Amino acid sequence: MATFLYKLGRLAFRRRHFAALIWVALLTLAGVGAASAPAAGSSSFSIPGTEAQKAFDLLEQRYPGMSADGATARVVFKAPEGEKMADAANKAIVEKTVAELGDGSEVVSVSDPFTTRAVSRDGTIAYASVTYKVPAMELKDSSREALEATAHKAQDAGLTVEMGGDALQAEPETAVAGEIIGLAIAAVVLVITLGSLVAAGLPLLTAIIGVGIGVSTITALASALDLGDTTSTLALMIGLAVGIDYALFIVSRYRSELAEGREREDAVGRAVGTAGSAVVFAGLTVVIALAGLAVVNVPMLTKMGLAAAGTVVIAVLIALTMIPALLGYAGRKVRPAGEKGGLLGRRKGKGSANASANASANASAEGPANGSVGEHTEGSGSAKGAVGGKPSLGTRWASFVVRRPVAVLLLGVVGLGAVALPATRLELGLPDDGSQPTSTTQRRAYDLLSEGFGPGFNGPLMVVVDAEDSASPKEAATAVTDEIKGLKDVVTVTPATFNKAGDTAMITVIPESKPSSTQTEDLVHAIRDAGAGVAADTDAKVLVTGATAMNIDFSQKLTDALIPYLALVVGLAFLLLIVIFRSILVPLKAALGFLLSVLAALGAVVAVFQWGWLAGLIGVEETGPIMSMMPIFMVGVVFGLAMDYEVFLVTRMREAYVHGENPHQAVVTGFKYSARVVAAAAAIMMAVFAGFIGSGESMIKMIGFGLAIAVFFDAFVVRMAIVPAVLALLGEKAWWLPKWLDRALPNVDVEGEGLRAHDDAARTSAEDDEDKPLVRV
């Protein structure tokens, strides 16, 4: 692996024009495709195999003109203070509005609140329901505009009018300002870490190009593949973070190789051969975690994972090929590690640079541990730090951990365990209009309906009675209705509505509690249990569906899939880490550390978004259940990112150990040369994720916060404290591997041992050439 990547890096450096041209051409092609592609609506939402989805499919079959999956809207009216909706003037406004709503070409039906009794008991609030022929994602913009225009007319006439439902798609407030701040913080961290604007600009430039290609490709394919806005947002979030980090590791290693006195082309090859090997395997763990979301069997989640995984692949390829090309263009503007330019310090003279080179040469003569090809990994690793002088912060911290491993381990585990405690109270659900910001009409319509008709009115349940095999369909429907009326938390049960064939009935149930409450979830299960008894007596099948039931089934499906998903992703990554580290205990420790960090992150998410702790600080207007996909999503994304830091940090420790250092000294050496850059990479990733906290979309806000806090816990507590403490306690046992397994595993050479052999062969060849006698002709 290292030898192949070494050659690839040198090739990209020499053929820099060709390498850069390929990526620019791909970016242009993707941009043109995105600009010319048809606009895509919201991604369709289906959950194969669930009862709610089966009921929707049955309704489509038995009620062909009903458009069961068609978009719906609710136009909510409120009378002025001291007036009633039944007052002549107000009633005339509503009736005129209902008539205008029915004029749309895609409208199936519009209900009149005065004929359907959709007026609150106090007479101040009423609503009209609008049903469309097509799903929300296929609804024409003209239909949405007509809906809004008609509602605004009624509002201008003197009524308070708000709109809800999936027909009126919420326009989330984008987190552009937050993203810009995140990138600005990343730029500052890069300048401090790499010492110059040019070196800092390379990771930012390549990350933006990679994300541009990935997101543009997603946009170009969005309509054809039914990809929603969240898909590109996730790809942007993950692609920026890993793109900057991967490029940072290679640029840092390149500067360290220059500090060794190597020529620039050779330094690029070695940077790609060593740090690039870690980039490949770190990226592979992220891809495994994201692509593994397909096992959940939820199309939306599968598409999100695969799209983000594709963006990560692009980030890896750009880091391996475009970074070497740009380093070739940069030339001497990217200086060796330890040599600062005019921006952050006075440039060192030639004598100082020569001293660094001589110091490196002397260091390499001291022994095999210091003479390894992989000596200077992804840290700042100046020559001064390598041969003496004041120890770095990473060295001092690692030395402290090695001296006090038990105390550090206990403090880290207990601290994360305490933060994880709120996760035991985790409640799952999906965001509805009640979780929208109060500035949106959807949220205000939700609040008006709750005020006039009760919280459960925002989440009606649809009960479908499939009586095709029943001897008496009407009796079956009556039995189901009677059973539901006797259940707890039921406010209203509408009479059964049969299809034309008379073999299927539809019953609407209004719960007493809001859609996202545990009481409503219990009611759904109670109706299904009662339906099972009716089915046994009448041979009729009872199915519960509707948006609320779909959310409940989705949450259950994700919960059921969590353990298989963990087994698949962690199992595959465990095998991959065994190949990388050639150890059993190190991958096991990595997996357990990840579980600790992701549980702590979930605990923080519950504390903020469910309990409301510090919610105002990040703009959480409405607390409630945690998004159903959050646990499994965080497991996938955080696991991949956590393994990034594990690979970059522990690979350097193994490199030192393989080259002759004792286990404790190998831990210190690993920190000496990689801790600074790993910390910088984590800070950059946190800044990028935190930029999405400013989004008006509750789902994006929650994901941004959860990933940012998870990276903090994993990078600075697990990898920087718990990992070195465990390795110090294990000692030689940390690197134990059965001999039979060692022989069976492929040698991927992440440490660059093949490059060392390449050096020895080149040196021997040069010496042989010197020893050959001169032949005079």
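This is a predicted model: local features need pLDDT of at least 70, side-chain atom pairs count only at pLDDT 80 or more; totals for chains, interfaces and linings use all residues.
Strands of a sheet pair through backbone hydrogen bonds, either parallel or antiparallel. Here, four strands form an open sheet with antiparallel pairing, and their order is 2-3-1-4. Strand 2 (107–110) and strand 4 (160–164) sit at the edges, so each of them pairs on one side only. From one strand to the next, the twist averages 20°. Strand 1 (residues 72–78) and strand 4 run antiparallel and are joined by five bridges.

Helix 5 (residues 141–156) lies across strand 1, strand 3 (125–132) and strand 4, and runs at about 160° to strand 4. Helix 15 (residues 441–453) also lies across strand 1, strand 3 and strand 4, but its angle to strand 4 is about 110°.

Now for the helix pair. Two packed helices are described by the angle between their axes and the distance between the axes. For helix 14 (residues 405–420) and helix 19 (residues 585–610), the angle is about 40° and the axes are 7 Å apart. The two helices are therefore oblique to each other, and their crossing is left-handed. On the helix 14 side, the residues in contact are Val 413, Leu 416, Gly 417, Val 419 and Ala 420; they meet Leu 596, Leu 599, Ala 600, Gly 603 and Ala 604 of helix 19. Sorted by class, that contact has eight nonpolar residues, two polar ones and no charged ones.

Key
Residues are numbered from 1 along each chain as its sequence is written. Side-chain values use heavy atoms; hydrogens and water are left out. Axes are lines fitted to C-alpha atoms, for helices over the stretch in contact, and angles run from 0 to 180 degrees between N-to-C directions. Angles under 35 degrees count as roughly parallel, over 145 as roughly antiparallel, 65 to 115 as roughly perpendicular and the rest as oblique. A crossing is left-handed if the near helix is turned anticlockwise from the far one by less than a right angle, and right-handed if clockwise. Contact means heavy atoms within 4.5 Å. Ala, Val, Leu, Ile, Met, Phe, Trp, Tyr, Cys and Pro count as nonpolar, Asp, Glu, Lys and Arg as charged, and the others, Gly among them, as polar. Two strands pair if DSSP finds at least two bridges between them.
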